[in-house]
Each structure stands twice: as structure tokens, then as C-alpha cells.
Amino acid sequence: GCRRKKISLDDPSFLIKKITMSNSGEISTAKLHPPNNTGRRNVSSPRAVSIVQRIQSNEQFTSHKGIALNTIGGWLLGFVFGGGVFLTLIGLNSWITQSEVKNGTNMERSEPSLYYYLLPFSVYLIISAIFYTSEFIWHATFHPLTLDFDAFILFSHSKAFHYALLSSLIEYVLELKFFKTQLKAFGYLHMFGLLLVCVGQITRSMAMYTAGNNFTHLIATEKQSTHCLITHGIYKYFRHPSYVGWFYWSIGTQLLLCNPICFIAFALASWNFFKARIPLSFFFFILCICICISCMINVTPIGIPFLEQSIQEDLKKQTTTQQQQ
């Protein structure tokens, strides 16, 4: 009679014990000991890499052609657009209520809410998101091979451009905080500014889509097979309709926000920028297309106030100097 000890599988000690049979038939148990790793090479676990490190070393995020970076840019503009729509809806409700109070149709008098004064800024967020997104979409349509993060013409622009946007925001916030009057509430002046913005956006978009491959964000310095002189569409009326659209769009945004200081600054900065850029673009255009400069000047106007005569004089001086050389 060999007596055997029953072992229950439910007993947790079964998992940590080794069962052996002695020569006498008795069952004995011994605790398992951890294996001796003496002499074995320690294999260290792989070093943890943070999300930030992965992003910094990933070309999808660091390269201007990276899909991830461009997606983030589009997402940010979409967020700005959505936030602008949300604030506009609330601001419109407050604006309608205040209009009814002024007209006497609503007897519940109350102080205007902050959204009432933020209505111009809310609209500004919407039109800004539309503008920069449309620039990217146009570039993707006509220059898909060179499409990158710079096509938004917002995030990778010059420091002066970003300082101008920041100055505009600072002026609006300060005037809203210390001079909260009807001047900051949406009125006729803001409507006129919004009208200029719409005219500028339509003019620039028509120019870009009419020119197609002939238009680029940067001045073309070499002739391409697709380059030609555009004389139809909106180019019948303006020589540089895209510049005209940008000019009125930029000053229109400051009228919309009712920023008197930035309105003057934006107008002067834009005027001087195009005063320097248009002769340069004329110069390379003439080299590429080989067309008489007087034909371009006399047929269509530039369209920016007080810039026509100055540009003509500068171009004539450049032509005379070139001929003498």
C-alpha cells in the first residue's frame, strides 16, 4: 500500500512547488528556486523614446513637405474657422438683441456682453482661415509637385509679417479693454471693412485661378514652358490683380477690427512692399516673356492708389540704365 497524497490544482502552492517522488514512494515537495543567472549577460531594456523626441526626428513633422506637418497646419486653420463661426453665432445673437433695444422693440435693457464687442474679431477669424486655406488649395491645384507647408503663406512667412499680425491683435485687445465703446461694436465702419475684405479675396482668387500655372507665390526668375502673358479675365482691368486683392484685403481686415493705428501701418507697409516688388516682377517678367515694357504699362493699370506713377518712373529709370549698360 503506497499511500499517495492528493494535490489540488486550486492550491496556489502548487504553482511554486516542485513535486518529486522519493524512492520510498512518499511525495515530497521543495520550493522552486529562481534560476541562477550568474555568468549570463544582462540584456538592458530598450531606452524609452518620448513622443516629442519621435516627432523631432520624424520628417513627416519636421520637413515642410511632411504630410503630418501640413495636416497640422490645415487642422489649426480649421480650428480657427470653427472657433470664429461659434463666436460669430453668439455675437450675432447679442448684436440683434442690442439692436432691438436701441429700436425700442425690446424693453429688456442690459449691458452688452463681451461677445457683442467680439463680433468683428470673430468674423476676422473666419475670413483669415478662408484666405490662408484658399492659398494652400490653389497651390495644390496648380503646383502639386512643389506643394509644402509654405503654401499656407502664414506659418513660414517673414518675421515682419508675424509682427504685423501680433500688433493687430494687441491693438484690438487693448482698445477693447480700455476703450470699450460703440466703435468696437459691429457697425457701418466694420461692414465697409468686411466689404473690402470680400472684394480683395474675390479679386485675388480670380487672379490666381485665371493665371493658373503662370502665377507663383514667389517671383519666377526663370522662364518656364507654360509662361505666357495673361490678358483675359480680370487681367483686362489690372496688371497685378493678385497684389490689388492682397492690398485691399489687408487694409480691410484692420477696418473690420477698427484698428486705426494698424490700418495706417498696414496701408503704408503694403504700399511700400508692392512699390518694391512690382518693378522686380516686371523686370523678370520682361526677361522671360520678352515683351515691351511700355505695352504692359499703358494697357492696364496697377490698381493700387498712388502707386501707378511711382512705379512707371522707377521702371523707366531701370530700363534706361539697362540700355546704357
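Helices (H or I, at least four residues) and strands (E, at least two) are DSSP runs, numbered from the N terminus. The model is predicted, so local features need pLDDT of at least 70 and side-chain atom pairs count only at pLDDT 80 or more, while totals for chains, interfaces and linings use all residues. Residues are numbered from 1 along each chain as its sequence is written, and side-chain values use heavy atoms, with hydrogens and water left out.

**Stop one: histidine 217.** Select histidine 217, in the loop between H6 and H7. Its relative accessibility is 19%. That counts as buried (under 20% relative accessible area; exposed is over 50%, partly exposed in between; 1.4 Å probe, protein chains only). Now show glutamate 135. The two side chains are joined by a polar contact of 2.8 Å (a pair of N or O atoms within 3.5 Å; within protein, one must be able to donate a hydrogen and the other to accept it, and residues adjacent in sequence count only if both atoms are side-chain atoms). Beyond four places in sequence, the contacts of histidine 217 (heavy atoms within 4.5 Å) include Trp138, His139, Arg204 and Arg277.

**Stop two: histidine 227.** Move to histidine 227, in the loop between helix H6 (188–211) and helix H7 (241–257). Histidine 227 is buried, at 14% relative accessible area.

**Stop three: H7.** Select H7 next. Of its 17 residues, 16 are buried. From first C-alpha to last, H7 reaches 24 Å, close to the expected 24 Å (1.5 Å times one less than its number of residues).
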